[in-house]
Amino acid sequence: MSEQTPFTTMPGEVTGPQRIARPQLIPAARLGRHLKHAAVHVVRSSSPPTKALGVRTGGDEASQRHARAVCDLALRVGEALLSTGASAADTVAIVLRLGHAYGIRSMHVDITYTSISVSVHRGVDEDSLTVMRVINDRAPDYTRLEAVQRHIEDIVRSAEGSSEGPSLDVDAARAHLSTLLASPHPYRRWVVTVGAAIMSVGVVMLFGAGPLMWAVAALSAAIVDRVQRRLYTWGVAAFFTQVLSAAIPTGIALVMYAVGREAPSVVVVSGIVVLLAGLGVLGAAQDAIDGYYVTAGARGLEVLMMTLGIAVGVASVLGISRWFGVNMQVSPIIALGGTPFISTIGAMLIALGFCLSTYSGTRTILVSIGIAAPAWLVLEAALFVGFAAPAGVAVAASLVGAFAYVAFRVMHVPEAAVATAGIVSLLPGLAVYRALYVIMQNDASTVSNAVIFFVEAMATGLGLAGGLAIGGYLARRKLGLDRAALRARRRSRGTYVAEA
């Protein structure tokens with residue numbers, strides 16, 4: 001037999017079940033915990049949240065009498081600003097700035113289309129205050145708006161330069177505010193009518209019309225203004241006022257067609273633009289961009305109803321004329337015409353007329369005219385190089401928005417007045433007119449064209465609002481915003497903010 005080799009085990013080999021001691025497992029356990037902590041560190045954030053919720057526990061140590069007086073003054077200021085044409089964000093910023101000047105730092109302001117609410121948290125040992133005021137009327141009045149803004153700026157400036165608070169106490173500030181709001185307008189009511197006529201003349205100049213159309217458009221706008229004034233005093237609903245206001249220029253165009261056998265379409269377009277200028281188109285879009293969706297939705301519905309009133313007024317006149325055997329064919333094939341010089345003069349006249357019709361001051365008028373001219377030239381250049389109308393309008397509106405905020409900061413003129421006056425000539429009156437014309441043909445095959453024109457009008461309106469917002473944002477980034485303005489525009493960041 002052969003000799004067998006004895007069995008030997010090599011180092012590291014395992015020949016059967018082995019028993020591993022605990023000290024040998026400790027390095028592996030430590031490695032597992034290390035990998036777990038590393039994975040948690042990669043996923044879990046160690047920085048505080050971008051916006052903490054529900055951590056404000058402090059309140060203002062103010063007496064109930066002082067807190068109520070400040071709230072009452074803040075409500076009166078907010079109502080005056082909203083009623084005279086200020087946006088929701090600007091109103092919130094001014095009211096917060098006013099409350100901070102009087103030592104109320106825990107103030108919260110909420111705005112809807114028909115009301116403004118102010119709340120003050122006074123700590124856990126005192127009752128909180130919440131008051132509301134209803135906004136009954138809304139009419140652009142930029143003289144009063146400028147006066148109220150200047151009054152609040154004086155209060156805030158005096159509070160910043162003194163450790164004892166503003167130079168005016170709350171009662172004196174409220175009395176002075178009442179005096180400002182009760183002061184007469186800078187000019188008589190007939191000047192407003194002249195302003196509407198000048199604005200209408202500027203519109204027809206954009207389309208290259210001659211002096212005869214200038215006179216007809218001015219007469220039409222003057223009649224519309226006086227009729228609107230009379231209907232307002234009678235308490236007629238705004239929708240029916242808009243219907244009759246749109247029927248007047250259409251009726252004048254019908255008379256001219258019956259006499260001269262021509263269709264003066266520019267008269268109808270000028271009437272539409274003047275009526276659109278009095279609506280809150282830009283205010284609705286601006287509130288939506290700033291995050292005040294309730295107010296923006298209400299304003300948008302109002303704009304929709306008033307635009308439908310224009311459609312009903314134009315369609316009613318054309319239907320009555322056909323019943324009498326006069327089939328006026330209002331031509332939809334009209335476009336911007338005339339030389340750039342004449343069109344620029346027309347844009348400046350539109351700004352002048354709008355300022356007069358909204359009781360703007362002299363400085364506001366001069367600044368608005370100075371901004372309207374380059375804005376129109378920018379639009380002409382954008383259309384010349386091939387931009388679509390909404391894109392060209394957005395570029396021109398961004399210039400207006402930046403200049404308007406700079407003028408507000410430097411010259412203390414109302415930003416809303418300058419911005420609106422500068423872009424009235426850019427309103428989509430032609431697109432609205434074309435859409436209404438196609439709808440009035442009662443032809444199912446042209447419904448798609450009406451939709452296209454309405455979409456163009458909406459795109460132009462959004463371009464105007466977006467351009468103004470972008471221009472104003474860039475100017476604010478350059479010149480800076482205070483804490484109150486930042487709080488007022490915080491809603492525009494949206495409902496979800498990613499952690500930084």
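## Salt bridges and surroundings in a predicted chain

The model has 12 salt bridges, where a salt bridge is a side-chain nitrogen of Lys or Arg within 4 Å of a carboxyl oxygen of Asp or Glu. Keep in mind that this is a predicted model: local features need pLDDT of at least 70, side-chain atom pairs count only at pLDDT 80 or more, and totals for chains, interfaces and linings use all residues. Residues are numbered from 1 along each chain as its sequence is written, and side-chain values use heavy atoms, with hydrogens and water left out.

| Salt bridge | N to O distance |
|---|---|
| Arg174 and Asp72 | 3.7 Å |
| Glu79 and Arg133 | 2.4 Å |
| Asp154 and Arg157 | 3.1 Å |

Arg174 and Asp72 pair up through their side chains. Helices here are DSSP runs (H or I, at least four residues), as are strands (E, at least two), and both are numbered from the N terminus. Asp72 is partly exposed, with a relative accessible area of 24%; buried means under 20%, exposed over 50%, and partly exposed in between (1.4 Å probe, protein chains only).

Glu79 and Arg133 also form a salt bridge. Their link again joins distant parts of the chain: Glu79 belongs to helix 2, Arg133 to strand 3 (residues 129–134), and they sit 54 residues apart. Arg133 has 26% relative accessibility and counts as partly exposed.

How far apart in helix 4 are Asp154 and Arg157? They lie three residues apart in that helix (residues 142–160), about one turn. As a rule, an α-helix has 3.6 residues a turn, so residues three or four places apart point the same way. Asp154 is partly exposed at 42%, and Arg157 is partly exposed at 44%. Elsewhere, salt bridges with shared partners connect Arg65, Asp72, Arg76, Asp171 and Arg174 into one network.

Now for some nonpolar surface. Leu301, Leu304, Met305 and Leu308 make up a nonpolar patch with about 360 Å² of accessible area together. Patch members have over 30% relative accessible area and no salt bridge; like charges are joined within 9 Å, nonpolar side chains (Val, Leu, Ile, Met, Phe, Trp, Tyr) within 5 Å. Areas come from the Shrake-Rupley method with a 1.4 Å probe, and for residues only the protein chains shown count as cover. Leu304 sits in helix 11 (residues 293–323) and is partly exposed at 47%.

Helix 9 (residues 265–277) is another story: 13 of its 13 residues are buried, so the helix is largely enclosed by the rest of the structure. Asp287, in helix 10 (residues 281–289), is buried too, at 0% relative accessibility. Not counting residues up to four places away in sequence, Asp287 touches Ser87, Ala88, Tyr292, Thr295, Ala296 and Arg299, a contact being heavy atoms within 4.5 Å.

Zooming out, the chain has 18 helices and three strands, and 45% of its 500 residues count as buried. The mean pLDDT is 80, with 78% of residues at 70 or more; pLDDT is the predictor's confidence in each residue, from 0 to 100. Over residues 495–500 the pLDDT is below 50, and this stretch has seven contacts in the model beyond near neighbours in sequence.
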